[in-house]
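Subject: Structure for you to look at

Hello,

Here is the structure I said I would pass on. Please open it first, then read the notes below it.

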Amino acid sequence: MDKIFRLEHVSKLYGGDPDRAVELLQQGSDKETVLRETECTAALWDINLEINCGEIFVIIGLSGCGKSTLLRCLNRLQEPTSGAIFFGDDNILEFNSKQLRQFRRSKLAMVFQSFGLLSHRDVLSNVAYPLEIQGMFKQDREEQARKYLQMVGLSQYEHTLCQSLSGGMRQRVGIARALCSDAEVLLMDEPFSALDPLVRTDMQFELLQLQRKLNKTIVFITHDIDEAFKLGDTVAIMRDGRIIQVATPVEMSRNPQDDYVKKFIDNVDRTKVLTAKDVMTTPASLIKISDTAEYALHEMKINGLSSVYVVDGKMRLKGILLLNDAVELHRSHKFINEEALRKVPKVRQTQPISEFINLVAETPYPVAVVDEDNMLHGLVTRASVLSLIG
């Protein structure tokens with residue numbers, strides 16, 4: 001996967017004696033010690049990371065850890081003290097003012113926690129504002145803006161003043177405005193933290209839906225680990241201006257880097273992070289629809305089973321054959337047929353456990369994991385779910 005951002009040894013120091021601060025930081029001193037001895041704040045120290053094209057990259061940490069400073073270094077609203085930030089092959093820290101202005105206008109868009117809307121303008125002109133700055137004709141920019149208003153469900157509010165909208169609606173306007181610029185990267189600084197919990201959940205879902213349609217690169221700041229794991233393809237945990245761990249939510253959940261990361265993610269709802277693919281097991285036995293009932297009974301006996309899953313020649317799931325039904329077929333000298341099979345509850349590999357945990361609990365036999373072609377990939381049992389979330 002192509003890298004859109006690459007940060008190399010990025011640091012940001014404020015005030016005091018930065019030379020002495022660097023010396024202490026290189027010796028391993030923590031942020032508080034550096035501040036006490038040099039009156040210099042190490043907002044960021046030696047940040048190295050890569051962000052892939054088309055992913056949602058989430059940066060998470062406690063207040064004051066440096067996550068917002070790091071985000072603002074990506075568009076140079078904050079100037080790093082040292083290091084390099086590459087956008088593709090270009091080090092943006094070497095851009096002159098004209099290059100930087102063009103970079104911000106054409107490559108990046110930002111969504112703020114406080115919405116950042118123009119209160120004296122209506123919804124349509126707020127969304128079209130980035131295109132107005134670019135010099136696009138009014139009719140063309142408004143046509144473009146309407147497309148994104150429809151995408152976020154606000155078409156009927158295009159002539160409404162933003163100050164009369166609810167918080168969730170204003171955030172939708174902010175997202176539509178960011179998308180309208182057609183930027184490659186969206187920078188989102190805790191955009192949902194001021195919203196009510198139910199509205200926040202709705203906005204998270206809508207962001208994921210938009211991402212599937214548009215495949216933008218999104219750098220998202222949050223202090224909520226559940227939000228980070230729900231949204232992020234990749235998650236970076238920060239502490240005291242440093243990156244502690246970068247991993248996928250599943251990798252981080254299974255292998256936290258240290259006790260700090262483990263404590264940070266201990267309260268995360270793992271059922272929303274882990275998917276069917278993470279908990280599925282290989283079937284102990286499979287038979288084909290063309291097999292005999294005698295063979296089915298043999299497979300059940302040697303594997304200690306009271307049922308067996310049935311597939312066709314291309315591994316497409318046909319159903320489940322229960323012991324009593326197999327015995328009846330055998331007594332009647334009949335071959336296995338679809339009428340004798342029971343329907344099997346099915347889930348997709350990518351479905352989070354939270355979406356099917358009740359199904360697993362209520363079904364007397366394992367739930368099948370299939371792909372879009374109904375090919376069987378594994379089974380989810382109660383035991384396999386409990387082993388990872390228990």
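A residue counts as buried if its relative accessible area is under 20%. By that cut-off, Y260 and F264 are each buried. Please keep in mind that this is a predicted model.

Aromatic rings

A pair of aromatic rings is described by the distance of the centres and the angle of the planes. There are five aromatic pairs here. One of them is F192 with F220, a tilted pair with 5.6 Å centre to centre and 55° between the planes. This pair links distant parts of the chain, since F192 is in the loop between β7 and α8, while F220 is in strand β8, 28 residues apart. F192 and F220 are both buried.

Y260 and F264 also make a tilted pair, at 5.9 Å centre to centre with 50° between the planes. Both belong to helix α11, where four residues, or about one turn of the helix, separate them.

Elsewhere, one aromatic cluster is made up of F5, F87, F95 and F103. R6 sits over the face of F86, 4.2 Å from the ring centre.

The largest pocket holds about 1,200 Å³ of space. It is lined by 32 residues, and L208, F229, K230, K272 and P352 are the closest to its centre. Helix α8 contributes the most to this lining, nine residues. By class, the lining has 10 nonpolar, 11 polar and 11 charged residues.

The second largest pocket has a volume of about 520 Å³. Its lining has 18 residues, with R104, L108, A109, M110 and I133 closest to the centre. They divide into 10 nonpolar, four polar and four charged.

Regards

Terms used: Residues numbered from 1 in each chain as written. Predicted model: local features only at pLDDT ≥ 70, side-chain atom pairs only at ≥ 80, totals over all residues. Heavy atoms only, no water. Phe/Tyr/Trp six-rings, centres within 6.5 Å; stacked < 30°, edge-to-face > 60°. Helix = DSSP H or I, 4+ residues; strand = E, 2+ residues; numbered from the N terminus. Buried < 20%, exposed > 50% of the residue type's maximum accessible area, 1.4 Å probe, protein only. Lys NZ or Arg CZ within 6 Å of the ring centre and 35° of its normal. 1 Å grid on protein atoms, 1.4 Å probe; cavity = no way out; pocket = protein on both sides within 12 Å on 5 of 7 lines; lining within 4 Å. Points joined across faces, edges and corners; volume = space filled by probe spheres on them. Nonpolar A, V, L, I, M, F, W, Y, C, P; charged D, E, K, R; others polar.
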